[in-house]
Amino acid sequence: MAASGSHLAVFAPVGGAGRVDAVVRRLADAIALGLLADGEQLPSEAELAARLGVSTVTLREALMALRQRGLVETRRGRGGGSFVRTPQEPLELGARLRAFAVDELRDLGDHYAAIAGAAARLAARRALPGDVAPLWRSLDDMATASAQAGSGAALRRLDGRFHVEVAAASQSARLTQEEIRLQADIGPLLWLPYDEPGGHHEATAQHRAIAEAIRRGDPGEARDLAERHVLDAIERLIELRLRLADA
């Protein structure tokens with residue numbers, strides 16, 4: 001099976017100093033966002049080290065750190081290898097939100113809107129039908145999940161996956177990696193306001209509009225919709241943060 005754009009970004013060379021930490025962060029973020037599925041087998045150590053542009057020693061140190069965090073399981077013998085383990089629900093999201101000051105959230109929102117807008121614009125210019133198909137699969141998966149009780153964690157992962165797939169459709173590995181980093185940092189928080197009544201439907205409508213603009217090849221509309229989607233979520237998140245402060 002051909003690798004998806006998001007997988008290509010996950011396994012792209014990490015570069016720079018502190019490569020053990022960089023590999024741990026890259027793979028941990030991808031696992032947390034569901035880009036690497038629970039039970040998925042990672043490439044062999046030799047192949048993964050080559051794709052990430054690191055030594056096998058560096059990779060083994062990174063895999064050891066991921067095993068200690070419960071994100072990777074290594075099996076020995078025939079059929080063995082390193083397998084992904086999806087983490088349990090992270091720190092209570094309300095506590096995570098309280099850790100952000102309002103100015104910090106607004107600044108993050110400005111940065112994220114710029115990244116999301118650029119990715120959507122380039123996706124509308126460059127994406128082939130095969131690059132757009134994952135967006136619609138994620139939207140279908142979100143529709144299925146939203147009809148099920150207790151699907152908050154699944155919806156947060158699918159929302160993150162959708163945005164990473166938009167970035168992957170831009171054909172820019174750097175934009176996709178930055179999207180992955182931002183989603184891991186604040187993606188679950190951005191979904192919080194949409195957990196309120198009617199929120200799922202509104203978020204889905206915004207996602208579909210972005211995907212449709214990319215499918216039509218309308219760069220300006222795709223950029224504007226993606227930026228508006230992020231900034232709208234940030235404004236809702238700031239309102240929720242202020243309510244938590246008053247509680």
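**Entry 1: E212**

I began with E212, which is found in helix α10; helices here are DSSP runs of H or I with at least four residues, and strands are runs of E with at least two, numbered from the N terminus. The structure is a predicted model, in which local features need pLDDT of at least 70 and side-chain atom pairs count only at pLDDT 80 or more, while totals for chains, interfaces and linings use all residues. Residues are numbered from 1 along each chain as its sequence is written, and side-chain values use heavy atoms, with hydrogens and water left out.

I looked up the exposure of E212 and noted 24% relative accessibility, which counts as partly exposed. The cut-offs are under 20% relative accessible area for buried and over 50% for exposed, with partly exposed in between, using a 1.4 Å probe and protein chains only. I then found a polar contact of 2.3 Å between the side chains of E212 and R215. A polar contact is a pair of N or O atoms within 3.5 Å; within protein, one must be able to donate a hydrogen and the other to accept it, and residues adjacent in sequence count only if both atoms are side-chain atoms. I also recorded a C-alpha separation of 32 Å between E212 and V14, which are 198 residues apart along the chain.

**Entry 2**

Two packed helices are described by the angle between their axes and the distance between the axes. For α8 (residues 152–169) and α10 (residues 199–216), I noted a crossing at roughly 15° with the axes coming within 11 Å. Axes are lines fitted to C-alpha atoms, for helices over the stretch in contact, and angles run from 0 to 180 degrees between N-to-C directions. The two helices α8 and α10 are therefore roughly parallel; angles under 35 degrees count as roughly parallel, over 145 as roughly antiparallel, 65 to 115 as roughly perpendicular and the rest as oblique. The crossing of α8 and α10 is left-handed, that is, the near helix is turned anticlockwise from the far one by less than a right angle.

I listed the residues that meet: L155, D159, F162, H163 and V166 from α8, and H200, H207, I210, A211 and I214 from α10. Contact means heavy atoms within 4.5 Å. These residues divide into six nonpolar, three polar and one charged; Ala, Val, Leu, Ile, Met, Phe, Trp, Tyr, Cys and Pro count as nonpolar, Asp, Glu, Lys and Arg as charged, and the others, Gly among them, as polar.

I then turned to α7 (residues 129–146), whose axis comes within 9 Å of that of α8 and crosses it at roughly 170°. This makes α7 roughly antiparallel to α8. The residues that meet include L135, L139 and M142 in α7 and L158, F162 and V166 in α8. The residues of this contact of α7 with α8 divide into ten nonpolar, two polar and six charged.

Q171 lies in the loop between α8 and α9. I noted its positive phi of about 65°, although Q171 is not a glycine. Most residues other than glycine have a negative phi. Q171 counts as partly exposed, at 45% relative accessibility.

I found Q183 in helix α9, where its 2% relative accessibility counts as buried. Its side chain makes a polar contact of 2.5 Å with the side chain of Y112. Beyond neighbours within four places in sequence, Q183 is in contact with L33, Y112, G160, H163, V164 and P188.

**Entry 2: α2 against α9**

I looked up how α9 (residues 173–191) packs with α2 (residues 19–32), and found an angle of about 65° with the axes 9 Å apart. That makes α2 roughly perpendicular to α9. The crossing of α2 and α9 is left-handed. R25, R26, D29 and A30 of α2 make the contact with Q177, I180, R181, A184 and D185 of α9. I counted these residues by class as three nonpolar, one polar and five charged.

**Entry 3: helix α11**

R241 is buried, with a relative accessible area of 16%. Not counting residues up to four places away in sequence, R241 touches L97, R98, F100, V102 and L105. R228 also lies in α11, and at 51% relative accessibility R228 counts as exposed.
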